[in-house]
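Subject: Structure handover

Hello,

Here is the structure I said I would pass on. My notes on it follow below.

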Amino acid sequence: MKVLDFIAGDLNGFIWGWFGIALLLGTGVIMTVLTRFFQIIRVRHWVKETVGSLFKKNVFRHSKDKASISPFQALCTALAATVGTGNIAGVAGAIATGGPGAVFWMWVSAFFGMMTNYSENVLGIFFRRKDKNGEWAGGAMYYLQDGLGGKKGFKTVGKVLAILFAVFAVIASFGIGNLAQANTIASNMYAQFKIPMWVVGIFLAVVASLVIIGGIKRIASVTEKLVPVMSVIYIIGAIVIMFMNVGLIGDIFGAIFRFAFTPSAVIGGGIGIAIKMGFKRGIFSNEAGLGSSVMVHSASSVKEPVKQGMWGIFEVFFDTMIICTLTAIVVLSSGVIDLATGGPAAGFEGLDSNVLVADAFSLQFGAFGGWFVAVAILFFAFSTILGWSYYGTRSWVYLFGEKTAIIYKVVFIAVIFVSTLLKGDMAALPWNISDTFNGLMMLPNLIGVLALSGMVMKITANYVKRKIKGQPIEPMLSFDPEIQKAHAATLDEE
């Protein structure tokens, strides 16, 4: 318990002090500047190439190559890992702890995080390779090992950082991708339907095992169906509440901006509580800067690094700017938060943030509202468990080899059940532990992104010249000469 308290307390406070947030925000700002504000200047292009291309066969159809999945499957699997309890209980927790102003800082982290996630995905595609099973393997550990490690005098540094990232990713997969998700599911199912938490744990573990053991192809086939449906249903429910309380919209956004810049929000406790919670829950939600979603994006059949990078921009935009904002509106329009003070309204003090959104829906729709959120969290969080099981598996395989992957999967499935038994103060540990190891993953990953920022800038400029300005120049597709040659020869088919 002392070790857990240190991880969730002192270590968490250090990582999410000024240093961690400055590194996270600074990387996003630097990549935004180096790519010439790509997320704004090229907004029409990246929207067209992502959500605007969903009905193109090469985007959504299943890849015949067993080494890859379709760009749409990659997006859905990445969204499955990001669109989870962070978008519901996480946003509610940020508001409950940091006030309405935390939402503003979530937006800030997401705006610059778009280009951090873009850069991660560009590097992920550029430095990926095929593993012994003929499947694409990519992620921060590979661009740290071969990108940073490929620089003169940095071979050992790159390898050490790659190993550290993989170790932190394995541990983080049990926090953000398992404990926090399964415990929130069980808490909500018990609160709304009185289903014993241990029963929920057994159900989740059994169903998850059927999917996780099947690998990326089976995970992707499930998430491509689950993510769009659950997202649309949740968005519709949130929009209905927004229109039911349309008269409060001005007050809601006024509170968000007003409480983002109060003294306690900006400087209280060493670093402002609103800023800290906004960034912590923002990265918990969209994962920009963690280097996690790169692992599944790297399995895409796409050949252009920038194309998968643009899916990364859309991923962060959809996750935080749309889903998290709608959740914030639901919470702030429900009356559980006093918009004048930024704190809990009278009679709502001490609410559990895990069920705060369910309470907000219940105030609008009665018992059905609570049921709706409980089911939404079930699908959101379960899909996150599936996505993170893949991230943890890839990181484990990098460290210990493909033959040992089954060990990780069995332990991961067992922890799903154990996490549903946590109650009281223990139930808060998964969130704090997740924050800590998210931050530990972030450190080596962002060092790699910054060290390779020049490479991202060159690849982006190369793409813009070829695809937007129509200049006939050689594409930059892979660090590996053989992959570069093969991709260049078939690029026109993409």
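A crossing of two helices is called left-handed if the near helix is turned anticlockwise from the far one by less than a right angle, and right-handed if clockwise. In this predicted model, helix 10 passes helix 20 in a right-handed crossing. On the helix 10 side, the contact includes Val-170, Phe-174, Gly-177 and Ala-182; on the helix 20 side, Tyr-408, Phe-412 and Ile-416 are among the residues involved. The axes of helix 10 (residues 155-193) and helix 20 (residues 405-419) come within 8 Å and cross at roughly 35°.

Next, the charged pairs. The structure has four salt bridges. One of them joins the side chains of Arg-129 and Asp-146, at 2.1 Å from N to O. Arg-129 is in strand 1 and Asp-146 in helix 9, so this pair ties together parts 17 residues apart in sequence. Asp-146 is partly exposed, at 22% relative accessible area.

Glu-304 and Arg-466 form another salt bridge, at 2.9 Å from N to O. Glu-304 sits in the loop between helix 16 and helix 17, and Arg-466 in helix 22, so the parts tied together are 162 residues apart in sequence. Both Glu-304 and Arg-466 are buried.

Glu-402 and Arg-394 meet at 4.0 Å, N to O. Shared partners join Asp-131, Arg-394 and Glu-402 into one network of salt bridges. Arg-394 is buried, with 6% relative accessibility, whereas Glu-402 is partly exposed at 31%.

Last, the surface. Trp-198, Val-199, Ile-202, Val-206, Leu-210 and Leu-421 make a nonpolar patch of about 550 Å². Val-199 belongs to helix 11 (residues 197-212) and is partly exposed, at 32% relative accessibility.

Regards

Terms used: Residues numbered from 1 in each chain as written. Predicted model: local features only at pLDDT ≥ 70, side-chain atom pairs only at ≥ 80, totals over all residues. Heavy atoms only, no water. Patch = residues over 30% accessible without salt bridge, like charges linked within 9 Å, V, L, I, M, F, W, Y side chains within 5 Å. Areas by Shrake-Rupley, 256 points an atom, 1.4 Å probe, with all protein chains shown as cover. Helix = DSSP H or I, 4+ residues; strand = E, 2+ residues; numbered from the N terminus. Buried < 20%, exposed > 50% of the residue type's maximum accessible area, 1.4 Å probe, protein only. Axes fitted to C-alpha atoms, helices over the stretch in contact; angles between N-to-C directions. Contact = heavy atoms within 4.5 Å.
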